[in-house]
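Here are some notes to read with the model open beside you. Take the points one at a time and look for each feature as you go.

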Amino acid sequence: MRVFKNISLVVLIIGYTFAGINHFWHPGGYISIIPHYIPYPVLMNKLAGVFEILLGLMLVWPRTRIWAVYGIILMLAAFLPVHIDMALHAPLKLGTLNVTPLGAWLRVALQPVLMLWVWWHAKA
């Protein structure tokens with residue numbers, strides 16, 4: 001089980017770090033899904049990217065891991081309105097990706113799963 005948990009942790013570190021970098025590589029897709037009621041979408045995208053990178057890297061060290069876990073869970077909760085808004089406005093196109101209503105609602109349902117996954121790493 002320990003090996004599986006270590007692999008899971010590496011997947012989270014790489015996943016969140018690269019997801020954060022992607023906010024800077026492909027900002028248009030992220031900015032386009034930020035609901036109109038959230039101010040400063042360009043800034044919000046950059047902040048999301050910075051925090052995903054920071055929290056992903058904080059998962060590396062046991063001393064900062066618990067803070068990263070809480071931060072990622074809060075971030076996932078903060079992103080829920082974006083995912084719900086996407087689901088309400090699907091189908092839509094994000095670059096070359098077609099987002100169907102089913103796909104968008106599955107993304108909403110995935111958020112609690114991601115929260116539980118990262119929570120699993122709250123204790124060493």
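1. Start with the largest pocket, which holds about 1200 Å³ of space. A pocket here is found on a 1 Å grid over the protein atoms alone, as an open set of points where a 1.4 Å probe fits, with protein on both sides within 12 Å along at least five of seven lines; lining residues have an atom within 4 Å of a point. Points are joined across faces, edges and corners, and the volume is the space filled by probe spheres set on them. Among the 41 lining residues, His 23, Tyr 30, Glu 52, Phe 79 and Arg 107 are the closest to the centre of the largest pocket.

2. A word on the model before we go further: it is predicted, so local features need pLDDT of at least 70 and side-chain atom pairs count only at pLDDT 80 or more, while totals for chains, interfaces and linings use all residues. Residues are numbered from 1 along each chain as its sequence is written, and side-chain values use heavy atoms, with hydrogens and water left out.

3. Which elements give two or more residues to the lining of the largest pocket? They are helix H1 (2-25), H2, H3, H4, strand E2 (97-99) and H5. H4 provides the largest share, nine residues. By type, the lining divides into 27 nonpolar, 12 polar and two charged residues. (Nonpolar covers Ala, Val, Leu, Ile, Met, Phe, Trp, Tyr, Cys and Pro; charged covers Asp, Glu, Lys and Arg; the others, Gly among them, are polar.)

4. Now step back to the whole chain.

5. Is Gln 111 buried or exposed? Gln 111 is buried, because its relative accessible area is 2%. (Buried means under 20%, exposed over 50%, and partly exposed in between, with a 1.4 Å probe and protein chains only.) Gln 111 sits in helix H5 (residues 101-119). Setting aside neighbours within four places in sequence, Gln 111 is in contact with Leu 76, Leu 80 and His 83. (Contact means heavy atoms within 4.5 Å.)

6. Next, find Leu 55 in helix H3 (residues 41-58). Leu 55 counts as buried, since its relative accessibility is 8%. Its contacts beyond four places in sequence are Trp 67, Ala 68, Gly 71, Ile 72 and Met 75. The C-alpha atoms of Leu 55 and Ile 72 are 6.6 Å apart, although 17 residues separate the two along the chain.

7. Finally, two loops deserve a look at the backbone. Tyr 40, in the loop between helix H2 (27-33) and H3, has a positive phi of about 55° although it is not a glycine. Tyr 40 counts as exposed, because its relative accessibility is 62%. In the loop between helix H4 (62-89) and strand E1 (92-94) lies Pro 91, and a cis peptide bond joins Ala 90 to Pro 91, with omega about 5°.

Key:
Helix = DSSP H or I, 4+ residues; strand = E, 2+ residues; numbered from the N terminus.
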